[in-house]
Amino acid sequence: MTLHRITVVSVAVVAVLILFLVVLPWAQEELAPEPVAAWVAVELGGSGVARVGTLRTTPGTECRLHAVLEARGRGGESVFYTDAEALEIPGRTVSPESLRRWDRSQEVKVLWFTVEGLRAFWELGADGFDGFGFESSFRADWPRTWSIPCAVDSSSQAFGQGFDSLEPREFGTQRYQVRIEIWGVSRIAPEVRFTSWSGEELPIRGDDFPGLIVRLPGLLGAASEVFGLTQVAVTDEASPEARERLADWGRRRLVFSRAQVLTELTETAGSGWAALEWREVDLSDGPEWTPTGAAPGDPLRVAERVVLLYEDRGLPGRLDRADLAFDFTKGSGVRSLGEIFVGDGLVEWAHLTTEGTERTR
């Protein structure tokens, strides 16, 4: 082979390498679908179907959150980058052929957030809900991957600033947000970022907003759903419009009031609050934990302080100060009765059944 032919071959090889290493990847990226939006989808029970919306389940059910990056092809068709095997978005049809894993040259970072009320407690007065809203809290403790296990704990609970003393909590309500960042050559800032619906859109989107409601069975069902939500206390100055919004937001599990929790509890038991029959008990020697004695969901009270029995944690089978209760004092929490009712004295207890109230022994 002559020197001239060697030179020609070498040039051709270099040209081919440039084509494969530089030109083709650049062309492929230029022709690739353009990202336009981010979504969060929830998958329950290993079904393989991830849905954009608020789903309901019970403790122990397998659940995963999936980040979704929607992109638009040159022909206007949508492509969805996600680890989900199937995807449902309200009002849209997503074909299996439009789903794909992220396989492009840029690095992607997936950051997870929860969407929660600004405060654990809100007093509803003359200003109504002015100044109240829902904000995104970055979950630095969550994996930064396309698919992660669901959690309903609040950001304040995760960092030890909340009212809830029960760790970990497997029931309650939580909404989710994802931010997907696409990085290029620069290591200072991403080329572009896309964020799913924010807290401002939560009251508007309703059940379409990505979220999870985990409900305990039995009488504690309604009460268990409000964990993670802002508690609202109504004052005499609250307007009828503000009260109507509270009722609507309470039904939709955006916020809650203690009155709402107690009303739903007694409705489940088949009786009104006024019909309950109360008995004075001493927590040093309380009633037995039995279906006809102390049971989950039974209310205890001292004056205006009302709690709901949750779990026997002290002397086995006997109601005492070490047992746990749902407490709704400036936010929802799980506390021991000894922490709630400090000092000696009697408390009032009412027993509930699913057929209505039952006179205690």
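The expected span of a helix is 1.5 Å times one less than its number of residues. Keep that rule in mind for the first of these close-up views, which all come from a predicted model.

**View 1. Helix α6 covers residues 258-269.** With its 12 residues, α6 reaches 17 Å from its first C-alpha to its last, close to the expected 16 Å. Look for its buried residues: Gln 260, Val 261, Leu 262, Leu 265, Thr 266 and Ala 269.

**View 2. The largest nonpolar core has 51 residues.** Trp 112, Trp 146, Leu 212, Leu 308, Phe 326 and Phe 328 are the ones that touch the most other members. Strand β4 (residues 63-72) gives the most to this core, with five residues. Elsewhere, a second, separate core of 27 residues includes Val 52, Leu 99, Trp 122 and Ala 242. In soluble globular proteins, nonpolar side chains tend to be buried together.

**View 3. Here are the contacts of Phe 326.** Setting aside neighbours within four places in sequence, Phe 326 is in contact with several residues, among them Phe 171, Leu 216, Leu 220, Phe 227, Leu 308 and Tyr 310. Gly 333 and Val 334 are also in contact with Phe 326.

**View 4. The structure holds one cavity of 30 Å³ or more.** About 70 Å³ of space lies inside the largest cavity. Its lining includes Val 115, Glu 116, Phe 134, Arg 175 and Leu 254. Strands β8 (107-117) and β12 (172-183) are the elements that each give two or more residues to this lining. By class, the lining has five nonpolar, five polar and two charged residues.

Methods: Residues numbered from 1 in each chain as written. Predicted model: local features only at pLDDT ≥ 70, side-chain atom pairs only at ≥ 80, totals over all residues. Heavy atoms only, no water. Core = buried A, V, L, I, M, F, W, Y, C linked by side-chain atoms within 4.5 Å. Buried < 20%, exposed > 50% of the residue type's maximum accessible area, 1.4 Å probe, protein only. Helix = DSSP H or I, 4+ residues; strand = E, 2+ residues; numbered from the N terminus. Contact = heavy atoms within 4.5 Å. 1 Å grid on protein atoms, 1.4 Å probe; cavity = no way out; pocket = protein on both sides within 12 Å on 5 of 7 lines; lining within 4 Å. Points joined across faces, edges and corners; volume = space filled by probe spheres on them. Nonpolar A, V, L, I, M, F, W, Y, C, P; charged D, E, K, R; others polar.
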